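Hi,

Here is the structure I promised to pass on.

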There are 4 protein chains.
Amino acid sequence: MSDSLQQMAADLQRFAAARNWQLYHSPKNLAAALVVEAGELLEPFQWLTEAQSHALPPEKLAEVGGEVADVLIYLVQLSTALGLDPVAEARRKMAINEVRFPAGVQAVSRLDQRT
Amino acid sequence: MSDSLQQMAADLQRFAAARNWQLYHSPKNLAAALVVEAGELLEPFQWLTEAQSHALPPEKLAEVGGEVADVLIYLVQLSTALGLDPVAEARRKMAINEVRFPAGVQAVSRLDQRT
Amino acid sequence: MSDSLQQMAADLQRFAAARNWQLYHSPKNLAAALVVEAGELLEPFQWLTEAQSHALPPEKLAEVGGEVADVLIYLVQLSTALGLDPVAEARRKMAINEVRFPAGVQAVSRLDQRT
Amino acid sequence: MSDSLQQMAADLQRFAAARNWQLYHSPKNLAAALVVEAGELLEPFQWLTEAQSHALPPEKLAEVGGEVADVLIYLVQLSTALGLDPVAEARRKMAINEVRFPAGVQAVSRLDQRT
């Protein structure tokens, strides 16, 4: 893991250890916690139009920020538990996507490309 | 956003722009994509025991790494779209949790603390 | 549980027992499996506009039907495992919603009512 | 759709129409709402052991019942919006699974069969 996430990973481990929470933090449980938070992150958007989702009122945006935090925290903890570097994983995936979805195919629908 | 994630955010924006995908990348759609990937991240764990989830075979771990990547990519893109810094959000949440769940209360169940 | 779902619950129990799968079917695991399938159910919609989501092409609709099936199957199995009647639970919730969201308040946004 | 779910579908349509909520109830939005509720359904289980998940205290079980209700309500509404019969879809899937996972292969891991 790298830089700011690496520091966060260390701090999160200290935090969990100080509370005897490592017992709960199996990869399975962390993956479950992550999808729960991802659902909470989607919740404020579920009845909005896409246009409305670009212009959240401040208190809604703060709520979304708190859910972004929870997802990132569990993602870092899960990665630590599995010995994965999430940034390296993302970089690897981005390189794959660069090949899988060639640029310059203008006006091609994302749906057509992905299906 | 900071350091490696900031660079990733810029690269992801270039990637989407080169494919005319910004059209699809409303915060609402990105939050939906994120929870879809979070579900895929949980999928390999769903029938495992917690103990088994600590010791994934290599090909399973690689699969999980790919899903960790997808979650992080959408989390960074969603944060960019909303003008949020996910690391700063996580740091803010960690400070709140430090107060909300006092350390040193040994042998206290996470469940009791959180309910 | 009632009628067609009750019959389904019995058939699903027989199916799991014949494969020694009850071992895997703890309520925790079934709830995890359900959210995984719910993510797969959202997946075909994630880049569609709301208008497009009303008019799925036949093969997409068949795919969605398969995911609807998986969600219902896990919901019935989870309910059986917990001794819950999902239809009775839904009816109870519908009665609560009838009071919580009064009708006749025309043109009131769902968002305003729910927040 | 059949019997109790068919009646529920009709009642839910009346409920939404009386509040002008059909506007919000695109299949895309209903699928998003469903996964949000599925996350809430997993939430009470995330830190429990599988054994604990079999023996929920009454107030936890009531909470889970409320989430089961929400998932079923959105599943029925989504099915109505798409013209799908969820019970027929589940029956079709169960017939497929009967062939895909042959019974009588005792002591075979669910994981091996499914991968």
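The buried residues of α1(A) are covered by, among others, α4 (58-82) and α5 (86-100) of chain A, together with α1 (3-18) and α5 (86-100) of chain B. Those buried residues are Ser4(A), Leu5(A), Met8(A), Ala9(A), Asp11(A), Leu12(A), Phe15(A) and Ala16(A); buried means under 20% relative accessible area, with a 1.4 Å probe and protein chains only. Helices here are DSSP runs (H or I, at least four residues), numbered from the N terminus.

Before I go on: this is a predicted model, where local features need pLDDT of at least 70 and side-chain atom pairs count only at pLDDT 80 or more, while totals for chains, interfaces and linings use all residues. Residues are numbered from 1 along each chain as its sequence is written, chains are lettered from A and ligands numbered from 1 in the order in which they are written, and side-chain values use heavy atoms, leaving out hydrogens and water.

Back to α1(A), residues 3-18: its 16 residues should span 22 Å at 1.5 Å a residue, and the end C-alpha atoms are 23 Å apart, which agrees. (The expected span is 1.5 Å times one less than the number of residues.) Just after this helix, Asn20(A) has a positive phi of about 55 degrees.

In chain B, α2 (residues 27-42) packs on α4 (residues 58-82) at about 165 degrees, with the axes 9 Å apart. The axes are lines fitted to C-alpha atoms over the stretch in contact, and angles run from 0 to 180 degrees between N-to-C directions. The pair is therefore roughly antiparallel, the word for angles over 145 degrees. By class, their contact (heavy atoms within 4.5 Å) has 15 nonpolar, one polar and four charged residues. Nonpolar covers Ala, Val, Leu, Ile, Met, Phe, Trp, Tyr, Cys and Pro, charged covers Asp, Glu, Lys and Arg, and the others, Gly among them, are polar.

How do α5 (residues 86-100) of chain C and α4 (residues 58-82) of chain D cross? Their axes come within 8 Å and cross at roughly 90 degrees, so the two are roughly perpendicular (65 to 115 degrees). Residues meeting there include Lys93(C) and Met94(C) from α5(C), and Gly66(D) and Ile73(D) from α4(D).

Beyond its neighbours within four places in sequence, Gly66(C) is in contact with Glu89(D) and Lys93(D).

Cheers

Terms used
Parallel < 35°, antiparallel > 145°, perpendicular 65-115°, else oblique. Buried < 20%, exposed > 50% of the residue type's maximum accessible area, 1.4 Å probe, protein only.
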